[in-house]
Amino acid sequence: MIKNIVFDMGGVLIDYNPEKTLYSLFDKETADIALKEIFRNKLWSERDRGTVDSDEIMRIAGPKIPPHAYEIISEMAHNLYPYMTPYEEVNKLVRELKAAGYRIFLLSNASDDFYINRVGIPALDVFDGYLISSDYLLLKPEKEIYEKLFTKFNLNPEECVFIDDMPVNCEGSEKAGMRAYCNESRDVDLMRKGLREFGVRI
């Protein structure tokens with residue numbers, strides 16, 4: 001019996017899409033450089049792990065960023081949240097699930113700036129708890145991060161469903177014993193259908 005719904009953040013609750021933002025602000029060459037040197041760089045993942053900060057990323061990548069774009073790209077590297085629009089329908093679904101009696105949790109690969117910017121996530125006020133990767137020097141899809149979620153909130157993985165937009169993270173969840181729904185389509189109606197197939201009453 002499912003009692004707990006665990007949500008990813010970027011790509012599920014909010015639109016994590018640095019590509020869209022960069023291509024809307026800059027020419028393709030500049031956007032491609034920023035993506036390669038910062039947002040698709042391994043350093044960005046290490047930022048979410050909590051082992052590298054934005055200042056260090058810009059120290060390393062900054063000289064490669066075209067001067068006309070440096071200020072805005074540095075701003076994005078330090079705080080991408082203002083560029084991430086909430087998925088309103090998913091946030092409505094979160095509130096419906098909470099009202100239906102489910103416990104709601106967040107499991108996200110994110111840096112510690114989450115704590116400054118979490119007010120921008122509409123439904124976060126109804127969450128029962130959250131686990132942010134940088135607090136534990138872990139990243140999805142590492143098995144240890146799912147296990148840390150279970151122990152931190154005393155969860156039985158068999159009573160949980162995890163929603164993420166990346167197949168590799170969903171596979172990691174299932175390997176840790178927690179069923180997962182992969183939200184690649186960003187379609188809230190399909191998400192509802194997938195949750196019902198797990199026995200969620202929504």
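In these legends a residue is called buried when its relative accessible area is under 20%, exposed when this is over 50%, and partly exposed in between, as found with a 1.4 Å probe on protein chains only. The structure is a predicted model, in which local features need pLDDT of at least 70 and side-chain atom pairs count only at pLDDT 80 or more, while totals for chains, interfaces and linings use all residues. Residues are numbered from 1 along each chain as its sequence is written, and side-chain values use heavy atoms, with hydrogens and water left out.

View 1. Leu97 belongs to helix α6, which covers residues 88-99; helices (H or I, at least four residues) and strands (E, at least two) are DSSP runs, numbered from the N terminus. With a relative accessibility of 0%, Leu97 counts as buried. When residues up to four places away in sequence are not counted, Leu97 touches Ile5, Phe7, Tyr102, Ile104, Leu195, Val200 and Ile202, a contact being heavy atoms within 4.5 Å. Arg201 stands 104 residues from Leu97 along the chain, and the C-alpha atoms of the two are separated by 8.1 Å.

View 2. Apart from residues up to four places away in sequence, Asn91 touches Leu13, Pro86, Ile121, Pro122 and Ala123.

View 3. In helix α4, residues 54-61, the buried residues are Ser54, Ile57, Met58 and Ala61. Seen down the axis of α4, these buried residues fall within an arc of 95°, so they line one face of the helix; the arc is that of the directions from the helix axis to the C-beta atoms. An α-helix has 3.6 residues a turn, so residues three or four places apart point the same way. Asp55 and Arg59, on the other side of α4, are exposed. The buried residues of α4 pack against α2 (28-39), α3 (42-49) and α5 (70-78), and the N-terminal end of α4 is capped by Asp53, with a side-chain oxygen 3.3 Å from the backbone nitrogen of Asp55.

**View 4. Helix α2 and its crossing with α1.** Thr30, Ala31, Ala34, Leu35, Glu37, Ile38 and Phe39 are the buried residues of α2, and they pack against α1 (18-25), α3, α4 and α5. The axes of α1 and α2 come within 8 Å and cross at roughly 145°, axes being lines fitted to C-alpha atoms, for helices over the stretch in contact, with angles that run from 0 to 180 degrees between N-to-C directions. Pro18, Glu19, Leu22 and Tyr23 of α1 make this contact with Lys28, Ala31, Asp32, Ala34, Leu35 and Phe39 of α2.

View 5. Trp44 lies in helix α3 and counts as buried at 6% relative accessibility. Leaving aside neighbours within four places in sequence, Trp44 is in contact with Tyr16, Ile38, Phe39, Ile57, Met76, Ala77 and Leu80.

**View 6. Backbone features in two loops.** The loop between β3 (129-132) and α8 (143-153) holds Pro141, and the peptide bond leading from Lys140 to Pro141 is cis, with omega near 10°. Leu137 lies in the loop between β3 and α8 and has a positive phi of about 55° although it is not a glycine; at 48% relative accessibility, Leu137 counts as partly exposed. Arg186, in the loop between β5 (179-182) and α10 (188-197), has a phi near 60°, a positive value in a residue other than glycine, and counts as partly exposed at 35% relative accessibility.

Definitions and conventions
A polar contact is a pair of N or O atoms within 3.5 Å; within protein, one must be able to donate a hydrogen and the other to accept it, and residues adjacent in sequence count only if both atoms are side-chain atoms.
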